[in-house]
Each structure stands twice: as C-alpha cells, then as structure tokens.
Amino acid sequence: MRKNNITYSERPTHAARAAHAKGDAMFRTYDTTAIRPKHSKVPAIIALVLAIAALIAIAVGVSRCVAGPELLPAEESAVIVVKEGDGAAAIGKSLAEAKLIGSADEFVSAAREMNADSSLIPGEYQIAGQTPVRDIVALIQAGPAATGDKVTIPEGLTREATAQAVSDATGGRISADDFMNASADASAWAGEFPFLETAGTNSLEGFLFPKTYTIEESTDAGAVVRMMLVQFQTETAGLDWSVPTNAGLDLYQAVNLASIVEKEVAVADERPQVASVFYNRLASERPYLESDATTAYEMGHQPSADEVHADTPYSTYSNPGLPPTPICSPGLEALKAVCNPADTEYMYFFTPTNADGSAGETIFSKTYEEHQNAINGN
C-alpha cells in the first residue's frame, strides 16, 4: 500500500528521505516576519481621533446644558417691543429670544415677586446685555424713554406740594387740582397696587415716591400718579417689613411713621436712631410721639408751642399713637430706618442749631432729665 506522505521523487532513497525530513524541520522553524505583508496603523489612529472628538462633543454639550443658553454680552444691547396687552409671559419670551435672559420663566417669576404683572408699560426698549432681570422689570414698569417735561419730587414733599410741582413742570397742562383728584383715594389704586390695601380711602400721601420723573405731552394726572406708585413699588420691593409688623403696624402705618422720621431728621445717618425713639415711645406706657412735624403738616407752617399742644387731629402731643395719615413722601432711607431701626433705649432727641443756622449733631437721651439738660446746653 502506498503511503500518503508527500515526497520529492517518485522513488526516494534513504538519503533523499533524510534530506527531505531535515528540510521540512528547517522550514517549520524559519522566521518569516520579514516576508509577511505589513498592516497599516492609519485606521487605528483615525479611530482614536474620532473617539476623542466624540468625547469632546459630549463634554461641550453637557457644559452648555449646565451653563444654560448663551446670553448677550454687556457691551451689546437688544431692542424689544412690548405690545399693548402683552403679559409677563409674552414679554419674557421676547427677552429670551433676544438673549437678554435665560428663559421667559425668569421674567415671569421676577414680575410676580415685584407685583408688576399688571403695570408693564407697552413701548420700545433698548436693553443692555447682562442687565439683571429685576432691573428689566423695573425698566418696563417705568415705561419707554421719554423726552417730555421733567419734575423732581424731593424727599419730604407733601402731596399738595407735589401737585403744584407737577403743574409747574407741565406749564399748567396738568393742573394741581387734576393731580390732587387723581391721588385723592388710595382704594381706587389698590387693585393695581396691593401695598395700598391698608390705606383704605385715605389719599396717596406718603406713597408718591420722591424721584425725578419725565412727563410726556400725552401723559395725564393719573399716569403721573401711576409712575410714582410704580416707583414706590420698585424701590421698596426688597424691604423687610417684619419689624413694624411685630410692633403692631401695618404697611400704611409704617409709611406713616417713616414720613415723620423723614421730617424730623436733620442728619441723614441719624434716621435709624430717631426711628428707634419713636418705636420706644409707641411701646411705652405713654405712647405720645410729640412730633412738631405732624402739627406743622396740619397747620401749614412751623407751629407754636400752643399749637402743638392743641387738641387737633394731627397733634401728637395731645393724641397717642400715629397721626391720621402720613405727613409727606418719605424717601427710601427713612423707610429703611423704620424697617431696621437702631436698637436703643432712647426716648428723646434734640437737634441744636449751629451759629450758621445749620443743624448740629442730634443729642439722644434716655430720660426726660437728660433731655432737658441737652436742651439747656448742660
């Protein structure tokens, strides 16, 4: 029988077979690396690059999700148009589309916190990038930029004097009577401005916020009053009313007290101490404020000793507690003093007059005897 072994001749000899076996063994152990086909490294490199690119894309995507949408830089601005009837949601959408805020919800939330939903004024607004959302709300509450008459209402001005200032600024186009009528009943405005709820049917004395206003040709008395109420709302949005509330005062009474502080303080940084004196008096067994300023409001002039002690509605010598209404428009610092008075035991204060007629440094006292010594220069 023929074997299946492969041979190199038909009739192999012993020597041939030995040579063939030796050659086969050498072939099996021969290093063929040098003659094998080489595989390219390019596909592996491409795969590595693609994997790194994918990781970078994922990282950028995650970063954008965390950081939120890209907003307009501070050196750029955008113009938005608030149409008649646009609510906070529609305005917020326009602001978000202009990249002024991250989302419409930011504006809606800020407008709600500032009770501004119903007092956003239509018009065209140019707003700088990176403007805080609460400032944007206040801007749209104040209305578009105007080129009309300007009127400055200083701290401590009464409603009657404010009416005259508006009339003077508009050349009589808005008369003092028109302004007085528009500001005569707080309840007429309470639906739009909830902070007026405790004012009842009293006038808006105390709430016509001191500031410089621009009055356009088309603006009437009611619109001017609204501007001042919007400003009060904006300026006081960050105040904490818990101190007056804990003292038993509602917001209207707190503004009333602030109006007295405004009139009584000659040196601005003494407001917190003066506020503490009035709080201490209200909490005492004899809660008389004894403020000449309240009678001055009623009389229309600096009162005499007899007038401050007379039994009249605004005499805080004859009547305990607060007068019937605020006596002027307090500024923000007076309102802050009532919301955050100094912690003292003072019951009296006296402000001497310097030789040049200016107000000297106020002297605060705990007892009536100390107060009298301060008055007498002892």
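**Figure 1. The lining of the largest pocket draws on several helices and a strand.** Helix 6 (159–169), helix 10, helix 11 (271–282), helix 12, strand 5 and helix 15 each give at least two residues to this lining. Helices here are DSSP runs of H or I with at least four residues, strands are runs of E with at least two, and both are numbered from the N terminus. Keep in mind that this is a predicted model, where local features need pLDDT of at least 70 and side-chain atom pairs count only at pLDDT 80 or more, while totals for chains, interfaces and linings use all residues. Residues are numbered from 1 along each chain as its sequence is written, and side-chain values use heavy atoms, with hydrogens and water left out. The largest pocket has a volume of about 800 Å³. Of the 32 residues that line the largest pocket, Glu264, Ser291, Asp292, Ala293 and Gln302 are the closest to its centre. How do the lining residues divide by class? There are 14 nonpolar, 10 polar and eight charged ones. Ala, Val, Leu, Ile, Met, Phe, Trp, Tyr, Cys and Pro count as nonpolar, Asp, Glu, Lys and Arg as charged, and the others, Gly among them, as polar.

Grid points are joined across faces, edges and corners, and the volume is the space filled by probe spheres set on the points.

**Figure 2. The second largest pocket has a volume of about 590 Å³.** Its lining is made of 25 residues, and the closest to the centre are Ala142, Gly143, Pro144, Thr214 and Met227. Strand 2 (123–128), helix 5, strand 4 and helix 8 (221–235) give two or more residues each. Which element supplies the largest share of this lining? That's helix 8, with five residues. Sorted by class, the lining holds 11 nonpolar, eight polar and six charged residues.

**Figure 3. Here's helix 12, which spans residues 292–299.** Ala293, Thr294, Thr295 and Ala296 are buried in this helix; buried means under 20% relative accessible area, exposed over 50%, and partly exposed in between (1.4 Å probe, protein chains only). Helix 10 (251–264) and helix 13 (305–309) are among the parts that cover these buried residues. At the start of helix 12, a side-chain oxygen of Ser291 comes to within 3.2 Å of the backbone nitrogen of Ala293. Just after the helix, Gly300 has a positive phi of about 85 degrees.

**Figure 4. Glu113 and Arg134 make a salt bridge between two helices.** A salt bridge is a side-chain nitrogen of Lys or Arg within 4 Å of a carboxyl oxygen of Asp or Glu, and the count by this rule is seven. For Glu113 and Arg134, the closest N and O atoms are 3.2 Å apart. Glu113 sits in helix 4 (residues 104–113) and Arg134 in helix 5 (residues 133–142), 21 residues apart. Buried or exposed? Glu113 counts as exposed at 57% relative accessibility, and Arg134 as partly exposed at 33%.

**Figure 5. Lys336 and Glu333 pair up within helix 14.** The closest N and O atoms of this salt bridge are 3.7 Å apart. Both residues lie in helix 14 (residues 332–339), three residues apart, which is about one turn of the helix. An α-helix has 3.6 residues a turn, so residues three or four places apart point the same way. Lys336 is partly exposed at 37%, and Glu333 is partly exposed at 44%.

**Figure 6. Lys366 and Glu345 form a salt bridge between two loops.** Their closest N and O atoms are 3.9 Å apart. Lys366 lies in the loop between strand 6 (363–365) and helix 15 (368–375), and Glu345 in the loop between helix 14 and strand 5 (348–350), so the pair ties together parts that are 21 residues apart in sequence. Lys366 is partly exposed at 45%, whereas Glu345 is exposed at 59%.

Technical notes: Contact means heavy atoms within 4.5 Å. A polar contact is a pair of N or O atoms within 3.5 Å; within protein, one must be able to donate a hydrogen and the other to accept it, and residues adjacent in sequence count only if both atoms are side-chain atoms. On a 1 Å grid over the protein atoms alone, a cavity is a set of points where a 1.4 Å probe fits but cannot get out, and a pocket is an open set with protein on both sides within 12 Å along at least five of seven lines; lining residues have an atom within 4 Å of a point.
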